[in-house]
Each structure stands twice: as C-alpha cells, then as structure tokens.
Amino acid sequence: MIRLTVVLAVITCCAALALGFVYKGTQPMIEEQAKLAEEEARRLALPQAMCGVMVSKESKGVEYYEGYRFPDTTGLVGYTVKASAKGYSSTIEAVVGVNPAGEITGMKIISQQETPGLGTKIEEVKSFKSVADAFREMTGTAELHTVSTAFTLEDGEEVCLEVGIKDAERTCELEEAVAAEDTAGIVTLAPGVFKIEPGDSARVFGDPATATALSVAVLEELRRESTPWFQFQFIGKQYDDIVLVRGQTDENIQGITGATISSRAVVEAVRNAIEDLDKAVGGFKGN
Amino acid sequence: MAIWDEFSKGIVKENPVFRLVLGLCPVLAVTTSLKNGLGMGMAATFVLVGSNLIVSIIRKGIPARIRIPCYITVIASFVTVVDLVMAGYLPELHKNLGLFIPLIVVNCIILGRAEAFAGKNNPLRSLLDGLGMGAGFTFALVITSSIREIIGTGKIWGLVLLGTRYNPVLFAVLSPGAFVTLGLLIALFNKLEARGEA
C-alpha cells in the first residue's frame, strides 16, 4: 500500500512541477490576450468610440472608461464599465457600454463557463458574416470582388467602415475617383470586430450616395448579426427598462426574459454595471 | 512488426475514427471548419505522443493496481500544457475548441493507446504508435471538417472555393451534418477495406 501511495505521489509531484513551469511561461501571454480581449470588448460595447479613444478613469472606487468620438478626447459618446454576476456554474463577466443619456450602447461577455448548449447560448451568434457576405445579401449580386482602394464614408460614426465602391459600368472611372480621395483619415476596423477578413472588401453597384446609404445599412446589419442575439437585446435600453421587463409576467415581455440562470446573471451584471457608473458619474439609474 | 508499420497502421488500417470508431465526440463537435479540425488533431496528437512516451518510460515502475490513475495523471498533464499554450498563443482556436480541449483527457484513443500499447512496449515503438494514431486522428478530422466546411459554407480555410454563386448547405455544418458525413466516411472506409481484403 505504501509503495502505491509513493508511486502515485511521485508522479503527481512531477506533473505539478512540470505544469508549474509551463504556467509560468505562458501566464504573461495569457494575461496579454485577456487584456486584448477586454479592449475589443470595450470597442464593441461602445462602437461610437471606435475611431476615437477610450480613457481610463476611476471615481468612488469604480474603474471605468470614457469613450470619445475623436482621438483628441473631444466628443464624449459614453462610458464602458466591467461588471460581473454569478451564473449557474461560473461568474459571468461583461463589459457594458452606456451613452450619456443612459442608454446601453452595447455589451460583450468576456468570461463565462456556463453549461454548453444551454447557458452558453448567451454568447450564441446568429451568423458570422464578412463585409462581402453582407453586401452580397443586401445588393442581391453575386459579383463581388476585392478592391485595392478604399473609400471612407464621410458622415458621422460610419466613417470607420472601409469599403470599396465601384460601378459595374464605370469601374475605371470610379477607381480613379476613389484613388483621388484623401485617405489620410481612413481608420480600419480592428480585425474581428465585424468579422472583416484580411483583404475583404466589397463591390457596390450604384452612385456614391446610394452606396454610402447602403454601407450604413450594411454596418447595422453586420452589427446585428455579429453581436450575440441575447446580448443585442440590451442595446438601446435603459436601467429602468431592464428592471421593468424583469418584473413583468409572461404578458408584455419586451425582450430580456431571463429564461435561464445564466441569462438572469447577465441581466444582473448589466444592472451592476449601470449602478457602478451611476455611482461614479451619476445620472444613469433614472427614478 | 517493422518500425514503419508501427507508425502507418494508425493512419488507415487501424484509423482510430474510421476503423476503430473511437474518439467520436470531438470529431462530431469541432469539425465545422478545417481550422478547428486541424487544431484539435494537432492537440490530440501532441497529447498522444507525449503520454505514450512517458507511460512507456515509467511503465515498469508503475504497480498494475494504480496504472489507470497514473496514466490519467500523465494524460491530464499534457492536456493542461496544450490548454495553457493554446490559450496564450492561439486564443481564437482556443475559444473555438472550448471545452473539447480539456475533454481530450477522457478521449478513448489516448487512454486506450496508453493501456493497450504504451504500457507494454518500449519508448520508440510507443512514440511511433502515438504519432501514427495522432496522424490518423488528425487525418479523420481534416477530411470530415473539409467536407463539412466546403458543403456548408462553400469555403475552405476561409477562402471561397465554390464561387460566390454557390448557395451553402447549412445542414452540413450543423450537428446532423456531422453524423451524416462521418457515417458516409466510415462506410467508405469499410468499402475500401473490404475491397482490399478481397
């Protein structure tokens, strides 16, 4: 019996030692990846600041970020804050974005270990579309090609979306026009934000004005499709909306149902985030 | 048995998925894309080779009564190494494979080879057996995932293969598509095997 114990103890000790070394070697990289994931989550939670900058702040013990439309910290578009709540089998962590009017601009779950096939549906994405896929569906054309030149939309937030604009009949003419554009202000979306793949672009048929309107619609479509459908329900709602919906019966449920322990935990995390922001900045909880 | 045979048997003749019908859980679950299939295959191969080698080296010092807990400890250690390295260096793949990386610990192929082969053979043969079985498992995952990705999305490795006019058959990348594809591939291997014996 003693021999069995000793052999097993030696093997487990050797394994523990080896794993300790591997852990030490990989830990910095894992932390770096977590940092990048949180940064991307902030951009998704507050897409209005995608071209601008996020500034880290702390007030009354709450750490949060202020998001600005422009890199020179002008044009405050909202705040992001990280919050958590206990789910069924893990603590669910989420980054929530809120605009100054108290409306949720987006949210991204950054950590959860819920039940596969059930609780994990809080992260289920309707579909993964590339820019080209979305354009193809909306224009009904199959003739999509990658273009080397890019056109930057010029109205407001959508300036981030980089698309190629061409006309089937006047390709060369428009290519020259696009090439003549001042491209100094072009900001490309971070890879993965809307599932833009390297070199992925789209050919849009029509004049630039029509194409611009179409591009805005595509941006919305991509955002709706690439955001997990459960998380998408929070966008545009305020703190009181969430409480109100949760308090209702089956009748008049408007979106957030909290059908599972996991989804209730997400609601709780969002509420915690807004409460934290209310504590730090004020004016988010309503009455 | 020649050294080469020790390696090659796992690829076709004793392919763990198509011939031995082992380790089907990840084959069905993660073969939605070639990237996932290849990633899972490489991870399982690393664990197979590592655990086979270590089990073979320490086999004479392990009392028979505790051999299974010892094998599991060795396998779990290699799986943890894969999990940590993948989380640090291949985060996208790590997220896609999710729970199926830790579940390699209970993959029948790995414990099966440790018990049936590495525990009774020398390190060189065990290493080759692990490599061959890993290659066979990866081969099965790559074939299955390629078929499902091509039919289900019209793409392979993210590149458009069937043209933009192709209407993807979503069924192929959903769970029923995995069962149908795997069933057809097993049938094909049986047919080829029967033809080879005739």
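Where in chain A is the place of Gly236(A)? In this predicted model, local features need pLDDT of at least 70 and side-chain atom pairs count only at pLDDT 80 or more, while totals for chains, interfaces and linings use all residues. Residues are numbered from 1 along each chain as its sequence is written, and chains are lettered from A, with ligands numbered from 1, in the order in which they are written.

Gly236(A) sits in the loop between helix 5 (229–232) and helix 6 (239–247) of chain A, where helices (H or I, at least four residues) and strands (E, at least two) are DSSP runs numbered from the N terminus. Gly236(A) is partly exposed, with 13 other C-beta atoms within 10 Å; a residue is buried if 20 or more other C-beta atoms, placed from the backbone, lie within 10 Å of its own, exposed if 12 or fewer, and partly exposed in between. Not counting residues up to four places away in sequence, Gly236(A) touches Glu103(A) and Ile104(A), a contact requiring that C-beta atoms, placed from the backbone, lie within 7 Å. Gly236(A) and Gly102(A), although 134 residues apart in sequence, are 8.9 Å apart in space, C-alpha to C-alpha.

Chain A as a whole comprises 7 helices and 7 strands, following the pattern α-β-β-β-β-β-α-β-β-α-α-α-α-α along the sequence. Of its 287 residues, 32% count as buried, and among the contacts in chain A with a separation of 6 or more, 62% are between residues 24 or more positions apart.

In chain A, 5 strands form an open sheet in the order 1-2-3-4-5 with antiparallel pairing, two strands being paired if DSSP finds at least two bridges between them. Strand 1 (53–59) and strand 5 (104–111) of chain A each have a single partner strand and stand at the edges, so one side of each is left without a neighbour in the sheet. Neighbouring strands of this sheet are turned by 25° against each other on average, direction ignored. Helix 1 (residues 2–45) of chain A packs on the sheet, touching strand 1, strand 2, strand 3 (76–86), strand 4 (91–98) and strand 5 of chain A, and its direction makes about 160° with that of strand 5 of chain A; angles run from 0 to 180 degrees between N-to-C directions, and axes are lines fitted to C-alpha atoms, for helices over the stretch in contact. Helix 7 (residues 261–280) of chain A lies across strands 1, 2, 3, 4 and 5 of chain A and runs at about 130° to strand 3 of chain A.

Within the sheet, strand 1 of chain A is joined to the antiparallel strand 2 (residues 62–68) of chain A by 7 bridges, with Lys57(A) opposite Tyr64(A) and Val55(A) opposite Glu66(A). The hairpin of these strands has 2 residues between the strands, and Lys60(A) takes a positive phi near 50° there. Strand 2 of chain A is joined in turn to strand 3 of chain A by 5 bridges, and Tyr64(A) has Val81(A) as its bridge partner in strand 3 of chain A.

The contact between the two chains takes 22 residues from chain B and 20 residues from chain A. Helix 4 (residues 67–89) of chain B gives the most to the side of chain B that touches chain A, with 12 residues.
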